[in-house]
Amino acid sequence: MAAQAITQRVSVVRSDAIQRLLAFGALIVLFLVFSLASPNFLSFDNVVGILLATAVNGVLALGVTFVIVTAGIDLSVGTVMTLSAVMTGVFITNWQLPVPLGLLAGVSTGCLAGLVNGTVVAKMKVPPFIATLGMLNVARGLALVLSGLKPIYFNDTPSFNSIAMGSVLGGVIPGLQIPNAVLIFFFAALVANWLLTQTVIGRYAFAIGSNEEATRLSGVNVDGWKMGIYALAGLFSGLAGVLIAARLNSAQPSLGLGYELDAISAAVIGGTSLGGGEGTILGTVIGAFLISTLTNGLRILSVPQEWQTVITGTIVVVAVYLDIVRRR
Amino acid sequence: MADELLVRMLGIDKRFPGVHALDQCRFDLCYGEVHALCGENGAGKSTLMKVLAGVYPKDAGRIEFKGQEVEIPSPRAAQKLGISIIHQELSLMRHLTVAHNIFIGREPRRQLPFLLDERAINRHTHDLFESMHVHHIDPRTVVGELTLAMQQMVEIARALSLQAEVLIMDEPTAALTDTEIEALFGIIRRLRDRGVGIVHISHRLEELKLIADRVTVMRDGRYVATVPTAEASLDQIISLMVGRTIYEATPELPEQPSEEVVLRVRDLKRGRAIRGVSLTLHRGEILGIAGLVGAGRTELARAIFGADPIDSGSVEVNGRLVHIASPCDAVRHGVSYLSEDRKRYGLALGLNVEVNTGLAALKKFLRWFGVVDFSRARRNAERIVEALSIKTPSLRQKVKHLSGGNQQKVVIGKWLTADSNILIFDEPTRGIDVGAKSEIYRLLNDLARQGKSIIMISSELPEILRMSHRILVMCEGRATAELDVRQATQEKIMYYATQREATLDVA
């Protein structure tokens with residue numbers, strides 16, 4: 001019995017490990033191929049560029065991972081991010097309020113939008129796909145309305161830009177000028193991992209995704225937790241909104257469409273099951289890196305933009321297919 | 001007629017990762033025979049039949065069909081040979097009509113090939129049912145509106161329309177009432193008389209005498225014996241199945257429960273399902289609820305538990321009027337519900353034993369800020385596994401890999417963790433093999449002795465009579481009788497469950 005227990009544990013560890021190895025291996029292979037193909041690829045600036053590109057999509061993917069683990073979906077993360085960015089701009093530039101207040105406004109906007117998603121899904125029982133599709137359009141429209149269809153620039157507040165593009169790390173270790181946005185992403189990933197694996201919200205997310213009805217009949221307030229989880233996804237979108245605004249030094253109201261699909265792709269490549277009940281933050285982070293590395297590398301190799309999309313699309317399907325094969 | 005071999009399986013071997021599911025198994029089936037396949041859960045009955053039906057490929061062995069060796073690599077190949085299987089979980093498309101379900105994939109067409117010949121489909125279906133002597137199913141009904149028993153008839157009709165000569169039925173009677181079972185057996189007998197070979201997998205041993213010509217017993221993936229039903233006693237078959245003497249609960253009527261009322265339900269109503277039911281439950285008591293399928297027993301349990309809203313009525317727990325609007329409220333008042341459908345309503349199958357045992361009471365294992373104290377959760381799970389002797393290789397084992405009995409124990413463990421004092425068991429032993437059944441019985445008795453109060457819904461009258469202190473009989477949403485177990489008999493219960501003269505031609 002004891003021996004059996006040990007083999008069992010080993011096999012559990014193995015299947016998890018293989019999944020991460022697969023995505024991680026693909027990432028390494030990409031790095032090798034691109035660095036052989038172009039000497040510029042492994043340059044410090046380019047790697048920082050990849051990290052920066054990952055940061056925004058990565059933060060979105062973190063939030064969406066929680067929702068997907070519950071067997072839900074959030075299509076609104078991209079435009080909610082934009083709305084949050086615009087709200088930050090409205091607070092800081094239009095209303096001349098202090099920067100911290102602007103940050104708070106951005107993150108709260110995201111959280112609020114998520115809460116609305118959660119309410120519509122959990123209380124009104126609208127399927128997540130439809131509820132968040134609605135929010136996608138609502139947030140997009142509101143972003144355009146609030147900004148008056150024009151970008152809002154943060155030229156009066158240089159400290160805002162440094163939130164993303166300054167380098168605290170560079171100050172401590174000279175030469176390692178890694179932008180704060182990247183650090184913020186890693187920190188957010190650590191928090192997300194902690195929430196998903198160590199806390200009650202994570203455990204209920206898995207339980208709801210695995211069997212929602214059984215979870216409800218266990219006396220868990222499923223509706224409440226779902227609202228919380230969608231709000232959490234919204235909070236991450238808000239954070240992404242602040243990051244992208246700070247990075248571009250402007251809130252671009254027309255941006256954001258298509259970001260939700262990259263975020264979902266990142267989670268799925270990382271092994272989060274759209275059927276719910278499965279997923280890891282590490283996987284999502286690797287998935288986000290994979291996507292931005294691919295985009296970056298293909299651009300360096302001067303592959304036209306339109307072909308880049310073809311390739312990323314293929315990769316997502318292949319990744320999910322490999323995951324299915326692995327499970328057999 | 002009954003000695004010509006239709007199917008012969010020899011030396012069948014099948015391994016799944018970590019399990020030797022079938023070890024040199026054999027089985028044969030004659031024309032015009034009902035051959036029962038018995039064994040505890042995990043004995044390999046379903047696996048063996050899925051090999052025959054092409055669901056699983058065999059690792060080794062030989063299958064002969066009408067004297068010729070055949071390979072059956074897919075369900076389609078099996079169908080072509082005339083081997084049909086009716087799975088335990090029916091596989092019908094709920095939104096399509098009866099006729100469309102039967103002819104899916106081979107619908108009669110009109111001249112233009114993309115136009116379905118609706119009339120022909122319905123006529124063929126009608127003829128099929130006529131040939132089965134089933135007259136109450138309209139081919140145009142949407143399957144989702146049929147009862148489980150009628151859906152089963154549809155599955156049988158589908159098999160017949162495929163010219164099945166071998167019909168495998170995996171636990172066909174598990175969800176049926178006695179009348180429905182009798183109707184099903186009528187159909188099975190008629191098919192047998194037409195020369196169809198029928199494999200009947202069942203947990204209900206008392207059925208064997210009624211329907212089976214021969215019984216093959218399996219244990220732990222191995223063939224044990226084949227005996228003609230007429231010559232074997234039930235006791236013999238049981239001892240072949242378990243390979244040991246089983247725990248027979250001495251009908252020690254547990255000491256009388258205390259007079260203290262822990263649960264009082266008054267005039268509960270919910271639509272047409274529950275039309276005014278009142279009941280009381282004492283500390284340390286097992287209250288059995290008997291009734292036919294559709295009597296409203298499950299609906300009553302779910303309503304008390306807050307899983308479904310009620311129209312009117314009141315619930316008192318420990319003498320205090322409480323408002324239970326959701327399972328969340330019920331758990332707070334120490335009321336729990338163990339569904340008959342564990343897989344759908346009781347367990348998060350894809351998650352492990354530890355998570356499942358903690359699901360109803362995660363709050364007990366939290367530190368500051370919603371952080372789960374994993375060591376405490378694990379210790380609790382260890383305690384539960386130990387106390388209920390759950391057979392699992394580790395706490396990290398996914399619940400879906402456990403046997404039915406052990407899954408049921410995980411659900412019980414979940415509620416013990418939540419400190420529930422009132423446990424409502426809905427068909428606690430459904431789909432559980434003989435050995436594990438007696439363990440569950442012992443567990444219920446222990447719980448009652450420890451002062452837990454139990455409501456047990458069951459369709460098996462011997463089970464009700466053996467376990468309960470008092471019996472509430474329901475019929476069509478009403479409580480028709482409350483019997484003390486000392487004066488209750490199967491006949492009496494049936495009388496009240498039907499509200500008319502008890503006609504017990506079954507069993």
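Where is B:Glu476 placed in chain B? The last legend answers this. The model is predicted: local features need pLDDT of at least 70, side-chain atom pairs count only at pLDDT 80 or more, and totals for chains, interfaces and linings use all residues. Residues are numbered from 1 along each chain as its sequence is written, and chains are lettered from A in the order in which they are written.

**View 1. The largest nonpolar core has 178 residues.** A nonpolar core is a set of buried Ala, Val, Leu, Ile, Met, Phe, Trp, Tyr and Cys residues joined through C-beta atoms within 7 Å. Buried means that 20 or more other C-beta atoms lie within 10 Å of the residue's own; exposed means 12 or fewer, partly exposed in between, with C-beta atoms placed from the backbone. Among the members that touch the most others are A:Leu60, A:Phe236 and B:Ile455. Helix α11 (residues 222-248) of chain A gives this core its largest share, 17 residues. Helices (H or I, at least four residues) and strands (E, at least two) are DSSP runs, numbered from the N terminus.

**View 2. A:Leu60 and its contacts.** Contact means C-beta atoms, placed from the backbone, within 7 Å.

**View 3. An open sheet of four strands in chain B.** The order is β12-β11-β14-β15, with antiparallel pairing. Strands pair if DSSP finds at least two bridges between them. At the edges, β12 (274-282) and β15 (320-322) of chain B each pair on one side only. Strand β11 (residues 261-270) of chain B joins β12(B) over seven bridges. One bridge links B:Leu263 to B:Leu281 in β12(B).

**View 4. The contact between chains A and B.** Chain B brings 29 residues and chain A brings 24 residues. On the chain B side, α10(B) gives the most, with four residues. That side has 20 nonpolar, six polar and three charged residues. Here Ala, Val, Leu, Ile, Met, Phe, Trp, Tyr, Cys and Pro count as nonpolar, Asp, Glu, Lys and Arg as charged, and the others, Gly among them, as polar.

**View 5. Two loop residues of chain B, B:Gln163 and B:Glu476.** B:Gln163 sits in the loop between α5 (148-161) and β7 (166-170) of chain B. Its phi is positive, about 60 degrees, although B:Gln163 is not a glycine. B:Gln163 counts as exposed, with 11 C-beta neighbours inside 10 Å. B:Glu476 lies in the loop between β19 (470-475) and β20 (478-484) of chain B. B:Glu476 is not a glycine either, yet has a positive phi of about 45 degrees. With 17 C-beta neighbours inside 10 Å, B:Glu476 is partly exposed.

Notes: Contact = placed C-beta atoms within 7 Å. Lists of a residue's contacts leave out its neighbours within four places in sequence.
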